[in-house]
Each structure stands twice: as C-alpha cells, then as structure tokens.
Amino acid sequence: MNRQKRKLELSQLRSKMSRIASLESAIAVPKAGWLFAIRRAMGMSLRHLATRLNMSPQGIAQLEERERDETVTLGKLREAGNAMGMKLVYGFIPINESMEELVLKRAIQIATEIVHQSAHTMELENQGVSNSRIDEAINDIIRDLIENKPGKLWD
C-alpha cells in the first residue's frame with residue numbers, strides 16, 4: 001500500500017475512532033450484557049426471543065451467558081439484535097494514545113535499538129559517534145520506518 005493511501009486510511013480511521021470515543025461511556029456494556037438488558041427492558045421473555053431466532057429458551061439463556069463471558073460471536077449478536085429490532089454496532093478505539101502515536105512510539109523504539117546497537121559496535125572499534133549524530137540517525141530511521149517501511153514496525 002502506498003504512503004498516500006495509508007495516510008488517507010489512517011485519517012479516515014482516526015475520524016471514525018474519534019466519533020466512537022465520544023460515545024464510549026454511553027456504549028459501555030451493561031453488566032448483564034446487552035441482549036439480556038434489551039430483552040428485559042422490552043418485556044421480551046426468553047421464549048419470545050427463542051421463537052424469533054428458532055432456538056430454545058435455554059439456547060437464548062446460553063447466548064446471553066456467552067455474551068457476558070465474551071465468547072459469543074459477532075454474527076450471533078447481530079442475529080439476536082436483529083430479532084429484537086436492533087442493529088449491532090462495534091468498533092475499536094486506541095487505549096491510551098492515537099494510532100499515529102502508537103506507530104511513532106514503536107518506530108522510536110526500533111530506531112533507538114538499531115542505532116544504539118551500531119553505536120556500541122562502532123565504539124568497540126574506537127569509532128565512537130557523537131550524541132547529536134546518534135539522534136540524527138535515530139530520526140532518519142524513524143522517518144524511514146514510518147514513511148517507507150511500516151511493515152518493519154511490527155516484525
């Protein structure tokens with residue numbers, strides 16, 4: 001994937017994630033799970049939902065349990081949601097920092113390792129380099145990794 005296309009995708013994802021992040025507290029999963037909470041709030045029994053999904057009431061109870069245990073599939077959640085007139089929505093947001101910051105942090109880590117390894121070897125051969133040259137080399141590698149070799153960041 002070329003750099004411009006990757007930048008565009010990153011920008012589009014950042015925009016989507018920003019909108020999701022603003023809703024994060026509103027979409028927190030209820031303690032009993034979404035399926036149970038919605039079904040109960042709508043006054044729908046296990047049997048009612050089971051009939052709509054061509055399942056047994058026990059199967060619905062197990063489905064709700066799998067949602068609480070986080071072992072349910074998105075397909076099953078979507079199917080159950082549709083049976084209650086709901087639409088499944090999901091997404092990801094970065095935990096602590098933006099995707100760009102995650103990429104930069106990783107590039108800094110790799111570049112620092114590469115340069116310090118080389119600097120150590122050169123020092124052993126009495127060819128030490130200045131700290132400013134080391135910083136310059138780290139910045140060059142960071143730029144190269146981000147712009148030209150993003151796949152190398154995750155090896």
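Analyst: In this predicted model, the largest nonpolar core holds 13 residues. Those with the most contacts inside this core are Leu 35, Leu 49, Leu 53, Ile 60, Leu 63, Ala 80 and Met 84. Four helices each supply at least two of its residues: α2 (34–41), α3 (46–53), α4 (57–68) and α5 (74–83). In soluble globular proteins, nonpolar side chains tend to be buried together.

Take Leu 49. Neighbours within four places in sequence aside, Leu 49 contacts Arg 39, Met 44, Ile 60, Ala 80, Ala 83 and Met 84.

A core of 11 residues lies apart from the largest one. Ile 110, Val 115, Ala 119 and Leu 153 are among its members.

Helix α6 comes next. Its buried residues are Met 99, Ala 107, Ile 110, Ala 111, Val 115 and Ala 119. They pack against α1 (3–22) and α7 (131–147). The 26 residues of α6 (residues 99–124) should span 38 Å at 1.5 Å a residue, and the end C-alpha atoms are 38 Å apart, which agrees. Asn 126 follows α6, with a positive phi near 55 degrees.

Now the whole chain. It has seven helices and zero strands. Its radius of gyration is 25 Å, well over the 15 Å that the globule rule gives for 155 residues, so the chain is more spread out than a compact globule. The C-alpha atoms fill a box of roughly 80 × 30 × 25 Å along the principal axes. Of the 155 residues, 21% count as buried. Among contacts with a separation of 6 or more, 62% join residues 24 or more positions apart.

Key. Residues are numbered from 1 along each chain as its sequence is written. This is a predicted model: local features need pLDDT of at least 70, side-chain atom pairs count only at pLDDT 80 or more; totals for chains, interfaces and linings use all residues. Side-chain values use heavy atoms; hydrogens and water are left out. The expected span of a helix is 1.5 Å times one less than its number of residues. Buried means under 20% relative accessible area, exposed over 50%, partly exposed in between (1.4 Å probe, protein chains only). Contact means heavy atoms within 4.5 Å. A nonpolar core is a set of buried Ala, Val, Leu, Ile, Met, Phe, Trp, Tyr and Cys residues joined through side-chain atoms within 4.5 Å. The radius of gyration is taken over C-alpha atoms; the globule rule is 2.2 Å times the number of residues to the power 0.38.
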